[in-house]
Amino acid sequence: MKPKTPSLLTVLLLALAAPGPGAAVQPVRVEGSSAGLAISQAAADEFQHSHATVKVDIGLSGSGGALGRLCRGDVDLVHSARPIVKTEIDACRTSDVQFIELPLAFDAVTVVVNRKNGFVESLTLAELRTMWDVAARGKVVRWSQVNARFPDAPLKLFAPDWQFESSSYFASVLFGPGRSARSDVMSSVDDNLLVQGVARDVNTLSYVSMATYLDNRAKLRAVPIAPSAGAEAVAPSPETIASGQYRPLSRPIFLYVNVRALVRPEAAAFSEYYIANAARLARSARYVPLADSTYRTGQERLRRRIAGSVWGGAVPIGLTVEELQKRSAL
């Protein structure tokens with residue numbers, strides 16, 4: 001599919017704003033979580049290929065870290081593995097930063113173990129709570145403490161860095177909005193480091209985006225998750241996400257655009273390019289794309305500079321693709 005280009009007006013403005021000899025265009029600054037990073041990177045690579053004077057800088061600081069920077073006016077766009085929450089909305093308001101919220105794709109929190117792990121066939125949400133509860137800190141340290149069917153082996157947990165993901169979707173699913181998981185675990189904001197940790201040790205468990213798992217299937221095994229004991233355990237896949245079967249760990253990915261940044265032609269052109277090509281970029285990066293009508297609505301929000309979030313500062317749990325699209329319609 002041929003990439004869609006920015007509007008004619010934005011292209012003309014970008015041309016008029018092109019720097020003279022020796023001058024430089026201010027970089028377009030993008031930050032976000034590891035979930036969605038591949039989409040933003042692909043958008044940046046393609047855009048820079050056809051706009052040689054524009055530099056797009058991609059940073060990795062987690063959803064919370066990136067949205068915090070957005071609300072301080074430090075970045076132009078953010079890809080986030082959850083919607084913006086109330087404390088962040090309040091921070092944006094205090095700093096007089098307006099943002100446009102654009103649904104980008106659907107992902108799944110994918111619980112992973114070492115490829116050679118032969119004892120974890122599936123897990124329930126209750127077993128995940130036993131592992132990750134704050135009360136388990138320093139106490140639940142053996143697999144046999146999670147379930148007697150597991151061996152008496154060390155339980156080693158890896159997680160995204162809590163400094164940047166204190167409002168993580170995973171913790172919200174297990175313990176409720178605003179609750180945290182145990183922090184006495186190895187952590188990193190970079191999914192690749194989590195992958196390496198799990199790949200080195202058969203007793204390690206972590207969770208990553210589905211796209212990261214699919215890129216590392218030779219090293220990792222995805223664990224099917226059951227909502228309760230006796231219920232069917234479902235493995236994450238594009239099909240089970242799209243159908244709503246993999247719940248409640250399926251989650252939407254959002255793109256947030258700083259309205260103030262759009263006065264710069266290069267930032268406006270990149271934002272337009274990004275959302276116009278979002279379906280193709282998401283699919284190529286192994287995420288579940290949304291309906292074309294949802295992306296058209298996003299383009300209209302961007303064109304009309306419709307600011308704010310439709311989620312009221314809350315993180316929706318167990319959302320389906322269909323529910324996201326209905327809520328995001330104008």
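Colleague: Happy to have it on screen. How many aromatic pairs does the structure hold?

Modeller: Do keep in mind that this is a predicted model. Rings of Phe, Tyr and Trp pair if their centres lie within 6.5 Å. On that basis, the number of aromatic pairs in the structure is twelve.

Colleague: Let's take Trp132 and Tyr207, please. Is that pair stacked or edge-to-face?

Modeller: The ring centres of Trp132 and Tyr207 are 5.5 Å apart, with 75 degrees between the planes. An angle over 60 degrees is the criterion to apply here, so the pair formed by Trp132 and Tyr207 is edge-to-face.

Colleague: And how many residues apart are the two partners?

Modeller: Trp132 belongs to helix H5 (residues 125-132), whereas Tyr207 sits in strand E8 (residues 204-209). Both Trp132 and Tyr207 are buried. The pair links distant parts of the chain, with a separation of 75 residues.

Colleague: Tyr207 has another partner, Phe170. What kind of pair do Phe170 and Tyr207 make?

Modeller: For Phe170 and Tyr207, the ring centres are 3.9 Å apart and the planes are at 20 degrees. Planes under 30 degrees apart meet the cut-off, so the pair of Phe170 and Tyr207 is stacked.

Colleague: Which helix does Phe170 come from?

Modeller: Phe170 is buried, as is Tyr207. The two are 37 residues apart, and their pair links distant parts of the chain. Tyr207 is in strand E8, while Phe170 lies in helix H7 (residues 169-175).

Colleague: Turning to the strands, which residue in E2 stands opposite Arg29?

Modeller: Strand E1 (residues 28-32) and strand E2 (residues 56-60) run parallel and are joined by five bridges. Together with H2, they make a right-handed β-α-β unit. Within E2, the residue opposite Arg29 is Asp57.

Colleague: Now to the helix of that unit. Is Ser40 buried or exposed?

Modeller: Ser40 lies in helix H2 (residues 37-50). Beyond its neighbours within four places in sequence, Ser40 contacts Val30, Ile58, His79 and Tyr274. Its relative accessibility is 0%, and the cut-off is under 20%, so Ser40 counts as buried.

Key
Residues numbered from 1 in each chain as written. Predicted model: local features only at pLDDT ≥ 70, side-chain atom pairs only at ≥ 80, totals over all residues. Heavy atoms only, no water. Helix = DSSP H or I, 4+ residues; strand = E, 2+ residues; numbered from the N terminus. Buried < 20%, exposed > 50% of the residue type's maximum accessible area, 1.4 Å probe, protein only. Contact = heavy atoms within 4.5 Å. Phe/Tyr/Trp six-rings, centres within 6.5 Å; stacked < 30°, edge-to-face > 60°. Pairing = 2+ DSSP bridges. Right-handed = clockwise from strand over helix to strand, strands pointing away.
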